[in-house]
Amino acid sequence: MTMQKLLMDVDTGIDDALAIAYAASIPHMELVGITTTYGMAPVDYSYRNTRKILEYAGVDVPVFRGAEKPLQRTREYSGRIHGTDGLGNTLGPVTEVASTQHAADYLIEQVYKHEAALTIVATGPLTNLAMAIRKAPEIAGLVGSVVIMGGAVMTPGNVTKFAEANIIIDPEAASLVFGSSLPITMVGLDVTRKTLLTARDVERWREGRNHLGKSLAPCTQFYLDAYKELHPYLQGCALHDPLAVGVAAYPDLVQTVPMFIKVDLEEDALGRTTEDIHREGSGQPTTKVCVQVDADTFMQDFFQRIG
């Protein structure tokens, strides 16, 4: 299999942490860098958290600090699902942050460097990607593919009845990204809710010999406990961000439908992702929406590599 260049844009976040660890373990993927943004925690935390997960995974990958806030809105952090530090309150406050280059500039640089060989996987708010497109709109026609964990087309949201978290945090950025000509695969709640990590899985990590699994178990337990409180009927927590990595690595895991995607900016439906029928007739849609997933195959690969 041809070596695939991968750049991740994250808001680390517990499921981002699992996604980073997974990506670092896939042999045919070369992680060329990780850009960080605010989202599940402030950007200084997501930057620190990302570096810590790479340390757990035993890989040396450059990390860059990016957007501190949405393009037009403010952001508050409850810590309810990911903890006040983004990793289940396992690391505590940030003491030092040093990034040599802004995330948006690194994104642009890597697209120019690798062009069609590069896959971008974005698992947080899309602010960094929107900033990169604003600064260098030509990158939309150069990059090989962009896999986005975000949105919900045929299923309810997880923040409101319409909206998924990554989209509603910065809907203006999401609107800009989906309105561009980027070759996007949208891995939304339509498929991520079909991939569940359970208490038994975390217990196996905790009791096993794999250093990575042991390191991830405490923060993942926090995530499980939050899901148990908020969504007790699920019997686990969804592997949202790891599935985006899985789709980037193994596109045959999913069935997709081409669509023009509209992100609603009206307050009564803010962050809703729907098919934009008004753009039909203006060429072939560049977004592919995932509608089915081979969850068993994905989860088998994920747990084999992490556990």
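Predicted model: local features only at pLDDT ≥ 70, side-chain atom pairs only at ≥ 80, totals over all residues.
Figure 1. Glutamate 115 is not a glycine, yet its phi is positive, at about 45°. Most residues other than glycine have a negative phi. With a relative accessible area of 38%, glutamate 115 is partly exposed.

**Figure 2. Asparagine 89 in the loop between E3 and H3.** Here is another residue to look at for its backbone. Asparagine 89 sits in the loop that runs between E3 and H3. Its phi is positive, about 60°, although asparagine 89 is not a glycine. The relative accessible area of asparagine 89 is 43%, so this residue is partly exposed.

**Figure 3. The cis peptide bond from threonine 12 to glycine 13.** Follow the backbone from threonine 12 to glycine 13 and you cross a cis peptide bond, with omega near 15°. Most peptide bonds are trans. Glycine 13 belongs to the loop between strand E1 (4–10) and H1.

**Figure 4. The aromatic pair of tyrosine 22 and phenylalanine 302.** Searching the whole structure turns up eight aromatic pairs. In one of them, the ring centres of tyrosine 22 and phenylalanine 302 are 5.3 Å apart and the planes meet at 75°, so the pair is edge-to-face. This pair links distant parts of the chain, with tyrosine 22 in helix H1 (residues 14–24) and phenylalanine 302 in helix H11 (residues 295–306), 280 residues apart. Tyrosine 22 is buried, at a relative accessible area of 0%. Phenylalanine 302 is buried at 0% relative accessibility. Widen the view and you meet one aromatic cluster, formed by Tyr22, Trp205, Phe298, Phe302 and Phe303.

**Figure 5. The stacked rings of phenylalanine 64 and tyrosine 106.** The planes of these two rings are at 25° and their centres 4.0 Å apart, so phenylalanine 64 and tyrosine 106 are stacked. Phenylalanine 64 is part of strand E3 (residues 63–65) and tyrosine 106 part of helix H3 (residues 103–114), so the pair ties together parts that are 42 residues apart in sequence. Phenylalanine 64 is buried, at 6% relative accessibility, and tyrosine 106 is buried with a relative accessible area of 5%.

**Figure 6. Arginine 272 over the ring of phenylalanine 162.** In this view a charge meets a ring. The charged end of arginine 272 sits over the ring of phenylalanine 162, at 4.5 Å from the ring's centre.

**Figure 7. The salt bridge of arginine 73 and glutamate 172.** The structure has a count of 12 salt bridges. One of these joins arginine 73 to glutamate 172, with 2.9 Å between the closest N and O atoms. Arginine 73 lies in the loop between E3 and H3, and glutamate 172 in helix H6 (residues 171–178), so the bridge ties together parts that are 99 residues apart in sequence. Arginine 73 is partly exposed at 23% relative accessibility, whereas glutamate 172 is buried, with a relative accessible area of 11%.

**Figure 8. The salt bridge of lysine 135 and aspartate 105.** The closest N and O atoms of lysine 135 and aspartate 105 are 2.6 Å apart in this salt bridge. The pair links distant parts of the chain, as lysine 135 is in helix H4 (residues 127–135) and aspartate 105 in helix H3, 30 residues apart. Lysine 135 is exposed at 58% relative accessibility, while aspartate 105 is partly exposed with a relative accessible area of 26%.

**Figure 9. The salt bridge of arginine 204 and aspartate 201.** Arginine 204 forms a salt bridge with aspartate 201, and their closest N and O atoms are 2.6 Å apart. Both belong to helix H8 (residues 199–207); because they are three residues apart there, about one helical turn separates them. Arginine 204 is partly exposed, at 48% relative accessibility, and aspartate 201 is buried, at 8%.

**Figure 10. Arginine 48, buried and without a salt bridge.** Arginine 48 is found in helix H2 (residues 43–57). This residue is buried yet has no salt bridge, and the nearest side chain of opposite charge, aspartate 85, is 4.4 Å away. Leaving aside neighbours within four places in sequence, the contacts of arginine 48 are Asp85, Leu91, Gly92, Pro93 and Val94.

**Figure 11. Cysteine 219 and cysteine 237.** Zero disulfides are found in a search of the whole structure. Cysteine 219 is in no disulfide, and the nearest cysteine sulfur, that of cysteine 237, is 10 Å away. Cysteine 219 is buried, with a relative accessible area of 4%. Cysteine 237 is buried, with a relative accessible area of 0%.

Key: Residues numbered from 1 in each chain as written. Heavy atoms only, no water. Disulfide = S-S within 2.5 Å. Buried < 20%, exposed > 50% of the residue type's maximum accessible area, 1.4 Å probe, protein only. Phe/Tyr/Trp six-rings, centres within 6.5 Å; stacked < 30°, edge-to-face > 60°. Helix = DSSP H or I, 4+ residues; strand = E, 2+ residues; numbered from the N terminus. Lys NZ or Arg CZ within 6 Å of the ring centre and 35° of its normal. Lys, Arg positive; Asp, Glu negative; His and termini not counted. Salt bridge = Lys/Arg side-chain N within 4 Å of Asp/Glu carboxyl O. Contact = heavy atoms within 4.5 Å.
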